[in-house]
Amino acid sequence: KLAKSFTKVVASLIILHLSGAAKKGTEKQTTSETQKSVQCGTWTKHAEGGIFTSPNYPSKYPPDRECIYIIEAAPRQCIELYFDEKYSIEPSWECKFDHIEVRDGPFGFSPIIGRFCGQQNPPVIKSSGRFLWIKFFADGELESMGFSARYNFTPG
């Protein structure tokens, strides 16, 4: 009985996928989304802290990029995140275009700490728990130097 219901689920997922891919332009979009995520971003939990940067830093970052960095500390530790002074992300009102978004937790829906762009590097950021979720987003025009960030862990 279990195998039968499993087969039904798999079959309906395949049908769903096929009907989704049949929509005009969906397939192309999925491909570019996949390429974006493959090219940059990491899940990182080096005990001694570390550094990560936007693609090509300190040269200009490429257009049309979305990078997700998730930093994980050990249990009962928090994260401190510092951005290098050599920092430049295309400025825009409310950072609607190129930006860095930092969230207090491991998910894209965790509480937002801030969204940053422009020439002024973000302040030191401290997590309330053991995860930080960071997204770097670049649209199709006006690239800049980007960022370099380092992180370390402190007792929670």
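The dialogue below takes up the cysteines, the sheet and one histidine in turn.

Tutor: Keep in mind that this is a predicted model.

Student: Why are Cys40 and Cys67 called a disulfide?
Tutor: A disulfide requires two cysteine sulfur atoms within 2.5 Å. The S to S distance between Cys40 and Cys67 is 2.0 Å, so the pair meets the definition.

Student: What makes the disulfide of Cys40 and Cys67 left-handed?
Tutor: The torsion about its S-S bond is about -90 degrees, so the disulfide is called left-handed.

Student: Which parts of the chain does the pair Cys40 and Cys67 tie together?
Tutor: Cys40 lies in the loop between helix 2 (26–39) and strand 1 (43–44), and Cys67 lies in strand 3 (residues 65–72), so the parts tied together are 27 residues apart in sequence.

Student: How do you know whether Cys40 and Cys67 are buried or exposed?
Tutor: Buried means under 20% relative accessible area. Cys40 has 10% and Cys67 has 0%, so both count as buried.

Student: Why do Cys95 and Cys117 count as a disulfide?
Tutor: Their sulfur atoms are 2.2 Å apart, and the limit is 2.5 Å, so this pair also qualifies. The torsion about the S-S bond is about -80 degrees, so this disulfide is left-handed. Cys95 sits in the loop between strand 4 (77–83) and strand 5 (99–103), and Cys117 in the loop between strand 6 (112–116) and strand 7 (125–126), so the pair ties together parts 22 residues apart in sequence. Both cysteines are buried.

Student: How many disulfides does the rule give, and what is the pairing?
Tutor: The count is two. With the bonded cysteines of the protein chain numbered in sequence order, the pairing reads 1-2, 3-4.

Student: What makes strand 3 mostly covered?
Tutor: Six of its eight residues are buried.

Student: Why are strand 1 and strand 3 said to pair?
Tutor: Pairing needs at least two bridges.

Student: Which strands pair with strand 8 (residues 131–138)?
Tutor: Strand 3 runs antiparallel to strand 8, with eight bridges between them; Glu66 stands opposite Phe137 there. Strand 5 is also antiparallel to strand 8, through five bridges, and Glu101 has Lys135 as its bridge partner.

Student: Why are strand 1 and strand 6 placed at the edges of the sheet?
Tutor: The open sheet has five strands in the order 1-3-8-5-6, with mixed pairing. Strand 1 and strand 6 each have a single partner strand, so one side of each lacks a neighbour in the sheet.

Student: What makes the pairing of the side chains of His99 and Arg115 a polar contact?
Tutor: The limit for such a pair of N or O atoms is 3.5 Å. The two side chains come to 3.4 Å, so the distance falls within the limit. A polar atom of the His99 side chain also lies 2.7 Å from the backbone oxygen of Phe97.

Student: Which residues does His99 contact, leaving aside neighbours within four places in sequence?
Tutor: They are Ile89, Arg115, Phe116, Cys117, Lys135, Phe136 and Phe137.

Terms used
Residues numbered from 1 in each chain as written. Predicted model: local features only at pLDDT ≥ 70, side-chain atom pairs only at ≥ 80, totals over all residues. Heavy atoms only, no water. Helix = DSSP H or I, 4+ residues; strand = E, 2+ residues; numbered from the N terminus. Buried < 20%, exposed > 50% of the residue type's maximum accessible area, 1.4 Å probe, protein only. Polar contact = N/O pair within 3.5 Å; in protein donor to acceptor, adjacent residues only side chain to side chain. Contact = heavy atoms within 4.5 Å.
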